[in-house]
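Subject: Structure handover

Hi,

Here is the structure for your files. Please look it over first; my notes on what was found follow below.

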Amino acid sequence: MDYVVIADAYGKMEATSKRLEMIDILVDLFRNSSKDVVSIIVYLTQGKLYPDFVGVEIGIAEKLAVKALVRASGVRESEVLADLQRTGDIGQVAEICLANRKQSTFFSKALTVERVYESLDKMAKTSGVGAVDMKTAVFAGLLSDASPKEAKYLMRTVTGNLRLGVADMTVLEALAVAFGGGREARGVIERAYNICSDLGRVSTLLVLEGLDAVRLLQVGVFEPIRPMLAERLSSSEEILEKFGGKCLAEYKYDGERIQVHKQGDRVVLYSRRLENISSQYPDVAVLIRERVGAYEVIFEAECVAVDLETGDMRPFQELMHRRRKYGIEAAVEQYPISLYVFDMLFVDGRDLTCEPLTVRRAVLEGVLERNSQLQIASQKVVGCPKELEGFFEESIAGGCEGLICKSLAKESVYQAGSRGWLWIKYKRDYKSEMTDTVDLVIVGAFHGRGKRAGAYGALLLAAYNRERDVFETVTKCGTGFTDKDIGDVYAILQNHVVPRKHARVLSMMEAEVWFEPCVVLEILGAEVTLSPIHLCAIDSIRKDSGLAIRFPRFTGKYRTDKSPQDATTSKEIAEMYQNQLKQITTS
Ligand code: AMP
């Protein structure tokens with residue numbers, strides 16, 4: 001299949017910011033594709049070669065991309081760099097250079113999707129001596145055979161600047177329409193995606209074997225499951241009411257969520273964002289090999305930093321010392337951890353995700369041989385607010401953040417990839433809405449002055465609207481950042497600058513710089529108020545009003561463990577607003 005078909009579709013996607021139009025363009029693209037390349041198109045459209053958990057990334061340095069462009073177009077490097085300086089868009093530069101190309105290629109080979117994918121794959125997997133030359137040659141080869149328009153998107157793809165704004169949910173919906181018989185099929189396709197986290201795999205199954213095969217897909221080791229998430233409430237009465245009077249309360253440990261996959265001696269650990277983080281926790285792999293009795297298992301645990309001498313739990317931040325490439329042995333010694341297991345999803349061929357919590361929990365207890373490092377989350381069945389409050393206080397005294405209350409109903413399945421009312425979190429800070437923390441996504445910024453000149457003075461932050469799959473601004477925040485934070489945030493954001501407001505961002509406020517929604521920060525707010533400027537939960541409380549967070553302050557916690565879709569949702573902020581009102585009326 002010719003790559004130009006994809007390039008044309010990208011051109012159309014770029015011209016729209018409407019999600020429904022984006023879906024229509026994708027549906028057309030899928031329908032015009034040969035069956036064996038649909039998965040490739042799915043990956044490429046999201047700027048990937050594989051699902052995230054594989055850890056192979058497209059991406060070559062801009063310098064190297066420029067060299068390849070010079071070689072393919074014959075345009076001088078100084079001209080290329082000047083164009084880049086002027087436009088700030090390396091894709092556009094490639095388009096211009098190839099339109100003015102000095103040397104024409106007489107023996108050009110057609111640029112097929114397959115060839116593009118294979119070349120990018122080869123480039124991504126090459127390292128070591130001679131890698132730079134090899135990558136430059138392969139990429140220059142692709143560019144030589146590309147039309148200006150194709151070059152534009154190839155260039156953006158390899159430099160990690162494609163940013164079409166095609167979210168997972170958009171792809172799922174387009175697949176349902178193109179191959180599943182209509183939008184109704186989305187639920188089945190989404191479930192399959194949630195248990196294997198690989199959109200390419202799901203699309204291949206759908207295209208080649210049909211919707212029934214997708215329906216039958218099961219959980220398997222080394223295919224991470226998208227995590228189940230908790231809703232939040234701020235009183236024990238409300239929580240018990242939601243659960244019909246009784247629930248299972250569990251300590252909410254403050255660490256890093258880990259999904260453990262084991263087959264024989266092979267152990268792989270995935271983060272909440274499904275990255276392979278095994279190299280950070282070699283001690284966990286040893287523990288699992290020694291103390292987990294089944295051949296194949298998938299389970300979830302919170303990994304917490306501990307003080308071995310006192311047995312006390314240590315703050316979440318200590319785990320950050322494990323995020324390093326080198327010197328991990330020293331970090332293992334210096335920052336020991338314990339695992340608190342809270343869910344069992346798969347044991348020796350048995351998919352437990354559709355079983356109720358009580359069954360999963362019983363299996364869990366039978367499989368683990370506990371010790372001080374490998375424990376099961378403390379839990380208690382509670383039937384009245386007093387009992388729940390008592391257990392909550394116990395958890396805080398034990399160094400935890402609060403409780404995760406879980407449904408005991410027979411429908412209490414593991415809802416992969418979704419936030420629902422089967423789990424409800426209850427944290428201390430929710431007791432006073434005035435000191436609540438939220439996790440918000442950076443979508444824009446304003447230039448700094450004085451000490452902050454050359455960096456950003458304030459950030460425009462957004463909540464995630466899950467239903468519409470967009471990010472809605474909720475506050476502008478410039479407080480709580482140390483000088484180091486100011487520099488760090490600026491550096492991190494440089495990789496995510498986009499020329500105009502991102503397609504998935506809703507904002508009435510005009511930022512001076514826009515970003516693709518990627519970076520999540522923990523923010524402490526004083527109050528949620530109605531707002532004529534911010535679009536968070538617009539119209540849900542009052543017509544033409546959104547919600548804003550007043551007096552926001554960065555807590556110092558970069559939520560690198562959260563993807564933008566894991567940020568606090570607009571709905572949660574609306575609930576916080578409602579709860580605040582309740583407190584005012586009852587006090
Ligand atoms: P939050 O990060 O505030 O949205 O809270 C949800 C997180 O709490 C989960 O993603 C887990 O990492 C963590 N957690 C700690 N203890 C438990 C538990 N017993 N059950 C489920 N999740 C837990």
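Leu 211 sits in helix 13 (residues 211-215). Helices here are DSSP runs of H or I with at least four residues, strands are runs of E with at least two, and both are numbered from the N terminus. Leu 211 touches Gly 180, Ala 185, Val 188, Ile 189 and Leu 206, leaving out residues up to four places away in sequence. A contact means heavy atoms within 4.5 Å.

Two notes on provenance. This is a predicted model, where local features need pLDDT of at least 70 and side-chain atom pairs count only at pLDDT 80 or more, while totals for chains, interfaces and linings use all residues. Numbering runs from 1 along each chain as its sequence is written, and side-chain values use heavy atoms, with hydrogens and water left out.

Helix packing next. Helix 4 (residues 62-73) and helix 6 (residues 90-99) pack at about 10°, with axes 10 Å apart. That makes helix 4 roughly parallel to helix 6 (angles under 35 degrees count as roughly parallel). Axes are lines fitted to C-alpha atoms over the stretch in contact, and angles run from 0 to 180 degrees between N-to-C directions. Helix 4 contributes Glu 62, Ala 65, Val 66, Leu 69 and Ser 73; helix 6 contributes Ile 90, Val 93, Ala 94, Cys 97 and Leu 98. Eight of the residues in this contact are nonpolar, one is polar and one is charged. Nonpolar covers Ala, Val, Leu, Ile, Met, Phe, Trp, Tyr, Cys and Pro; charged covers Asp, Glu, Lys and Arg; the others, Gly among them, are polar.

Now the domains. The assignment, automatic or from a database, gives domain 1 (229-431) and domain 2 (437-586). Their centres, taken over C-alpha atoms, are 28 Å apart. The contact takes 17 residues from domain 1 and 19 residues from domain 2. About 1,600 Å² is buried between them, 33% of it from carbon and sulfur atoms. Buried area is the accessible area (1.4 Å probe) that two parts lose on being put together, summed over both.

Finally, salt bridges (a side-chain nitrogen of Lys or Arg within 4 Å of a carboxyl oxygen of Asp or Glu). The whole structure has 43. Two cross the interface of domain 1 and domain 2. Glu 572 pairs with Arg 232 at 3.2 Å, N to O. Glu 190 pairs with Arg 186, closest N and O atoms 3.1 Å apart. Those two residues are four apart in helix 11 (residues 186-196), so about one helical turn separates them.

Best wishes

Conventions. Angles under 35 degrees count as roughly parallel, over 145 as roughly antiparallel, 65 to 115 as roughly perpendicular and the rest as oblique.
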